[in-house]
Amino acid sequence: MEKENHWVIWGRNPVIEALKAGRSLEKILIAHDSHPPRELLELANEKKVKVQKVSRQKIEELANTKKTQGVVALVSPIKYYDENEIIDKTIKEKGIMLILDHITDPQNVGSILRTAEIFGVSGVIIPKERSSPINEVVVKASTGAVFHLPIAKVGSLRNVIEKFKKKGGWVVAVEKGGRNIAEIDFPYPIALVVGSEGKGVSKSILEEADIIATIPMVGKITSLNVSNATSIALWELFKRRIKDGKNS
């Protein structure tokens, strides 16, 4: 009997059945020396689930067994939303869609999601590549906020931003070199973009931004952890909405 838990499914048939059933899979890992069935690869492609080759040792460590048939799927603890649902929801609510631009640290992602849920964000967009998966570390760091937030995982952040702008949304990037965030009169609905720990917001995203908002700093350390920066940015937006009676 194949083993399954909340985070890992192993064995060819269980992974195929998970794909057929529409389970939210973060990715499928296949051992370098394995030859998975064509059906598995075709289903993964159809469902847009990433397939990655790794060592057999890695597969067996994840599954905690040698009887993996060279295949392991990492299962998301949440059901992802369609990006268009989140875009439309944000537009309708005149709310905030939070975009995480390739943030790889799960503790940071979890902390950001916790703050986003507290401050009433309409939904969150994360990229499929070069981003922390929504795993048990993220769930714990978010204190369960992931279960109350619409989250979409997408192939192109830029495409999402272009769709959002076409429907009347405004794009605000939190990055150095912009206007003081405390002095900006923000238009709604907003796509608020926060960047990765080392590189900040991608250049291609900055080119699409209507506003670059900068958090002023006076200390000798002139950078903030991305989860702290996101908390400050969301608070700036939230407190003004409270003042205007939009979140009361």
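## Why these labels? A chat about a predicted model

Modeller: Let's open with the aromatic residues of this predicted model: Phe-119, Trp-235 and Phe-238 are joined into a cluster by ring pairs.

Biologist: Which parts of the chain does the pair link?

Modeller: Distant ones: Phe-119 sits in the loop between H5 and S6, while Trp-235 belongs to helix H9 (residues 226–243), and 116 residues separate them.

Biologist: Why do the two get unlike burial labels, if I may ask?

Modeller: Buried means under 20% relative accessible area. Phe-119 has 18%, so Phe-119 is buried. Trp-235 has 40%, which falls between that limit and the 50% above which a residue is exposed, so Trp-235 is partly exposed.

Biologist: And how do you know whether Ser-122 is buried or exposed?

Modeller: The same cut-off of 20% applies. The relative accessibility of Ser-122 is 1%, so Ser-122 counts as buried. Ser-122 also lies in the loop between H5 and S6. Leaving aside residues up to four places away in sequence, Ser-122 touches Lys-89, Thr-90, Glu-93, Gly-95, Ile-96 and Pro-150.

Biologist: On to the strands, then. How do you know that S5 and S6 pair?

Modeller: At least two bridges are needed, and strand S5 (residues 96–101) and strand S6 (residues 123–127) have 3, in the parallel sense; therefore they pair. Leu-98, for instance, has Val-124 in S6 as its bridge partner.

Biologist: What packs on that part of the sheet?

Modeller: Helix H5 (residues 106–118) lies across S5, S6 and S7, at about 175° to S5. Helix H7 (residues 157–166) touches S5, S6 and S7 as well as strand S8 (170–180) and strand S9 (190–195), and its direction makes about 160° with that of S5.

Biologist: What is the strand order in the open sheet, and why are S7 and S10 called edge strands?

Modeller: The 6 strands run S7-S6-S5-S9-S8-S10, with parallel pairing. Strand S7 (151–154) and strand S10 (211–214) each have a single partner strand, so one side of each has no neighbour in the sheet. From one strand to the next, the twist averages 30°.

Biologist: What makes S4 largely enclosed?

Modeller: Of the 5 residues in strand S4 (residues 71–75), 4 are buried, so the rest of the structure largely encloses S4. S4 pairs in the antiparallel sense with strand S1 (residues 8–10) over 3 bridges and with strand S2 (residues 25–31) over 5 bridges. Leu-74 in S4 is the bridge partner of Val-8 and also of Lys-27.

Biologist: Last one, on the largest pocket: how much space lies there, and which element gives the most to its lining?

Modeller: About 800 Å³ lies in the largest pocket. Among its 30 lining residues, Lys-47, Lys-48, Tyr-80, Lys-128 and Lys-153 are closest to the centre. S2, helix H4 (83–93), S6 and S7 each give two or more residues, and S2 gives the most, with 3.

Definitions and conventions. Residues are numbered from 1 along each chain as its sequence is written. This is a predicted model: local features need pLDDT of at least 70, side-chain atom pairs count only at pLDDT 80 or more; totals for chains, interfaces and linings use all residues. Side-chain values use heavy atoms; hydrogens and water are left out. Axes are lines fitted to C-alpha atoms, for helices over the stretch in contact, and angles run from 0 to 180 degrees between N-to-C directions. Contact means heavy atoms within 4.5 Å. Buried means under 20% relative accessible area, exposed over 50%, partly exposed in between (1.4 Å probe, protein chains only). Rings of Phe, Tyr and Trp (its six-membered ring) pair if their centres lie within 6.5 Å; planes under 30 degrees apart count as stacked, over 60 as edge-to-face and the rest as tilted. On a 1 Å grid over the protein atoms alone, a cavity is a set of points where a 1.4 Å probe fits but cannot get out, and a pocket is an open set with protein on both sides within 12 Å along at least five of seven lines; lining residues have an atom within 4 Å of a point. Grid points are joined across faces, edges and corners, and a volume is the space filled by probe spheres set on the points.
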